[in-house]
Amino acid sequence: MGMMAPVLVSMGGFVLSRDPLGGLAVLVLYAIWRLVRHLPGPPVVLFALTYQWGQCAIGLFYGPLTGRALLATTAPEYRFTVLISLLSVLGLAIGFRVGYNWARRRWPERAHVPELFSTPLLIAAYVVSLFATISLQAIAWYYPLFTQALVALSMVRLGVFYLTLRRLVIPDVRFAPAFALVVFEVGIGFTGFFANFREPLLLTALVAFETFDPRRLSNWVGVGAVAAAAVVAGVFWMGVRGEYRQDFAEVEQFAESRSLRVDRLQELAADWLAQDSTALLLTVDFLIDRIWAVYYPALAVARVPALLPHTNGEIIFGALRHIATPRALFPDKPPLPSDSEMVRRYSGVMVAGEEANTSIAFGYVAESYVDFGVPVMFVPMLVWGMFLGVSYQVLRYMVRHQDLLIPLLAVVFWLSMFVFERSWVKTLGLTGTLLIYVGGLAYLLDRWLVQRFVAHGTERQTADDDALTGVDAAMPAPPLPR
């Protein structure tokens, strides 16, 4: 069965998509799962890479299954673009496994201190983090030298949300408070300018996936409910976001008043529910086109190198220079150009940009192709994956308390790895910022807790003495695929 599994999943993909490329796509997904499924800790890397895979492949199955036409299929090189995108995500997974395996030999497994915070304390911390996030986001853009640090620290709230929800679900499900927490967080996300409801929904799915037992009907119901909520939320947002965002510019005090935004969303929801099925299907098509982020890269593939030459690394080396010159030390560093400029130049389409207060994503795969072409374009993915794999194990080695480590891994590696259409400079910058500020904060708090328990000789230290001093043997890790 082990040898037959890849063949069977590939055949299944071919049947569903009626396309050999669909069979290859499912085979790539199978390989990704084999590579990162059994990593210790929350299944965040698996979940993030699966999400990226979906952004590469969803259109291969949506069109044949529904008979609906998608924008990406009109691009002359969309099939080749899907192929190199799938191979790029696979390259990330391979690089991650290589880096993780190397780091695990250098920094082997250590025992971790179990539950640190009580559930009431976590709920209180969530409330505090909510107000702290509002304050940080309000002041971040007024202090350009510290914007990155303040924005990164505001992401701590997602970690607190994830840990609180996880505590309400594992080992026993407390449905009412867990449901209330998710609804509240998603509702807060809807009132922003961007689709900020996405992260709490996906972190909820991560918790559901972490506890999933295929033998229990309740688990299937829970996962199905989260998936259905994500689909409905995504379709609703795509249907109303144009009118909703317009109010930010046209309605005075709209951006400062959350109550006005809630009222407006209620009005838009009533209109959205009243639309006919034809309009709803068009919105679903638009959502799939938005997720299947290969249209503009495919246009660029058709133009490079036929009309425009490869840049020989200009884009990625420029991104590295940008990261190596932090604004705190180089205050005169120019701001990042809009991603729309890259799309306009290499895809040949005059998309909306900064003048419309928007940015059309181009993505790291398209940038790597423009830089190097095949096959050298896959080298940055492998190297980046190796860095992420090393970082994952280093964090697991350095942070000893599970209540700090688990949300740290979930937030850092989800935000760093789940977006397919993000540029190299934003990918590198965000990951570095999260590792430095959020990872650094977790490490310092962890060290303080270790020193405090050891110094005072509390009962907690007695129970966790081996974990704190490192005397105990390493905890057994889940089996790794051969």
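Here is a short chat about helix packing, rings and loops in this predicted model.

Q: What kind of model is this, and how are residues numbered?
A: It's a predicted model, where local features need pLDDT of at least 70, side-chain atom pairs count only at pLDDT 80 or more, and totals for chains, interfaces and linings use all residues. Residues are numbered from 1 along each chain as its sequence is written, and side-chain values use heavy atoms, leaving out hydrogens and water.

Q: Which residues of α9 and α10 meet?
A: From α9, Leu201, Thr204, Ala205 and Ala208 meet Val223, Val226, Ala229, Ala230 and Ala233 of α10. Contact means heavy atoms within 4.5 Å.

Q: And what about α1 and α2, how do they pack?
A: Helix α1 (residues 4–17) packs against helix α2 (residues 20–36) at about 140°, with axes 7 Å apart. That makes α1 oblique to α2.

Q: What sits between α1 and α2?
A: Arginine 18 is in the loop between them. Its phi is near 55°, a positive value in a residue other than glycine.

Q: Switching topic: how many aromatic pairs are there?
A: A search of the whole structure turns up 32. Rings of Phe, Tyr and Trp (its six-membered ring) pair if their centres lie within 6.5 Å. Ring pairs link a cluster that includes Phe190, Phe197, Trp237 and Trp272.

Q: Which residue lies over the face of tyrosine 397?
A: Arginine 110, at 4.0 Å from the ring centre. A charge sits over a ring if NZ of Lys or CZ of Arg is within 6 Å of the ring centre and within 35 degrees of the ring normal.

Q: Last one: where are the cis peptide bonds you know of?
A: One joins isoleucine 170 and proline 171, with omega about 0°. Proline 171 is in the loop between α7 (156–169) and α8 (175–190). Another joins valine 304 and proline 305, with omega about 5°. Proline 305 is in the loop between α13 (295–303) and α14 (314–324).

Definitions and conventions: Helices (H or I, at least four residues) and strands (E, at least two) are DSSP runs, numbered from the N terminus. Axes are lines fitted to C-alpha atoms, for helices over the stretch in contact, and angles run from 0 to 180 degrees between N-to-C directions. Angles under 35 degrees count as roughly parallel, over 145 as roughly antiparallel, 65 to 115 as roughly perpendicular and the rest as oblique. Rings of Phe, Tyr and Trp (its six-membered ring) pair if their centres lie within 6.5 Å; planes under 30 degrees apart count as stacked, over 60 as edge-to-face and the rest as tilted.
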